[in-house]
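Colleague: I have not looked at this one before. Can you walk me through it?
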Amino acid sequence: MFLPGAFWQWLALLIYIAACVTDYFDGMLARQRAQESALGRFLDPIADKLLVASVILALVAVDRIVGWLILPALIILCREVLVSGLREFLAGLQVSVPVSKLAKWKTTVQMVALGLLILGTAGPLSIHTLGEIGLWIAAALTIATGYNYLRFGLRHMGNGSQSAPR
């Protein structure tokens, strides 16, 4: 993404698509074949968040996310940190946090939007505009899913089983 020219934008998009597709099939195949591992359950969400965060930061660095478009990008990054912290806290209480269908839709919209923004000016102008609209939609879904996860987590926080840090 940092090299000028349409070729490099297309190459960055292809690498990004490969990362998204292999992540999807890795998880699907592991579940279908009952080959899930503790390491895989630990690493998969971290890899997802690193992919999203690194692409967002790179898009900001190359001025494809600018101005008001930084707001949905920031919402997405903050939600990722919130949900990661919540999952870690709840894991300490031995409570698993299931992934909702809405969260899967959020991820799909987010991945497509970021892909369109990676392509940027190498595609038609409408591609970038669709990426911007998609990022706003992903941010709205991010708020909804973040709220749902937080509400789920709060049910397990105030039950008196853990004392709050001082």
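Colleague: Is Gln-110 buried or exposed?

Modeller: Keep in mind that this is a predicted model. Gln-110 has a relative accessibility of 2%, and under 20% counts as buried, so Gln-110 is buried.

Colleague: Which helix is Gln-110 in?

Modeller: Gln-110 belongs to helix α4.

Colleague: And what does Gln-110 touch, leaving out residues up to four places away in sequence?

Modeller: With those left out, Gln-110 touches Tyr-16, Val-52, Ile-76, Glu-80, Ala-138 and Thr-142.

Colleague: Take Ala-138 from that list. Where does Ala-138 lie?

Modeller: Ala-138 is in helix α5. The relative accessible area of Ala-138 is 0%, so Ala-138 counts as buried.

Colleague: What is Ala-138 in contact with, apart from neighbours within four places in sequence?

Modeller: Apart from those neighbours, the contacts of Ala-138 are Ile-76, Lys-106, Val-109 and Gln-110.

Colleague: How far is Ala-138 from Met-111 in space?

Modeller: The C-alpha atoms of Ala-138 and Met-111 are 8.9 Å apart, and the two residues are 27 residues apart in sequence.

Colleague: There is a lysine among the contacts of Ala-138. Is Lys-106 buried or exposed?

Modeller: Lys-106 is buried, since its relative accessible area is 3%. Lys-106 sits in helix α4.

Colleague: What does Lys-106 touch, again not counting residues up to four places away in sequence?

Modeller: On that count, Lys-106 touches Arg-79, Glu-80, Ala-138, Leu-141, Thr-142 and Thr-145. Glu-80, Ala-138 and Thr-142 are also among the residues that Gln-110 touches.

Colleague: Back to the helices. At what angle do α4 and α5 cross?

Modeller: The axes of α4, residues 101–119, and α5, residues 125–157, cross at roughly 155° and come within 8 Å. Angles over 145 degrees count as roughly antiparallel, so α4 is roughly antiparallel to α5.

Colleague: Is that crossing of α4 and α5 left-handed or right-handed?

Modeller: The crossing of α4 and α5 is left-handed.

Colleague: How many nonpolar, polar and charged residues are in the contact of α4 with α5?

Modeller: That contact of α4 with α5 has 17 nonpolar residues, seven polar ones and two charged ones.

Colleague: What about α2 and α4, at what angle do they cross?

Modeller: Helix α2 covers residues 38–61, and its axis crosses that of α4 at roughly 30°. The two axes come within 11 Å. The crossing of α2 and α4 is left-handed.

Colleague: Which residues make the contact of α2 and α4?

Modeller: On the α2 side they are Leu-51, Val-52, Val-55, Ile-56 and Leu-59. From α4 come Gln-110, Met-111, Leu-114, Leu-117 and Ile-118. By class, the contact of α2 with α4 has nine nonpolar residues, one polar residue and no charged residues.

Colleague: Now the whole chain. How many helices and strands are there?

Modeller: The protein chain has five helices and zero strands.

Colleague: How much of the protein chain counts as buried?

Modeller: The protein chain has 166 residues, and 32% of them count as buried.

Colleague: What does the C-alpha trace span along its principal axes?

Modeller: The span is about 55 × 40 × 25 Å.

Colleague: Last one. Of the contacts between residues at least 6 apart in sequence, how many join residues at least 24 apart?

Modeller: In the protein chain, 82% of those contacts do.

Methods:
Residues numbered from 1 in each chain as written. Predicted model: local features only at pLDDT ≥ 70, side-chain atom pairs only at ≥ 80, totals over all residues. Heavy atoms only, no water. Axes fitted to C-alpha atoms, helices over the stretch in contact; angles between N-to-C directions. Helix = DSSP H or I, 4+ residues; strand = E, 2+ residues; numbered from the N terminus. Parallel < 35°, antiparallel > 145°, perpendicular 65-115°, else oblique. Left-handed = near helix turned anticlockwise from the far one by under 90°. Nonpolar A, V, L, I, M, F, W, Y, C, P; charged D, E, K, R; others polar. Buried < 20%, exposed > 50% of the residue type's maximum accessible area, 1.4 Å probe, protein only. Contact = heavy atoms within 4.5 Å.
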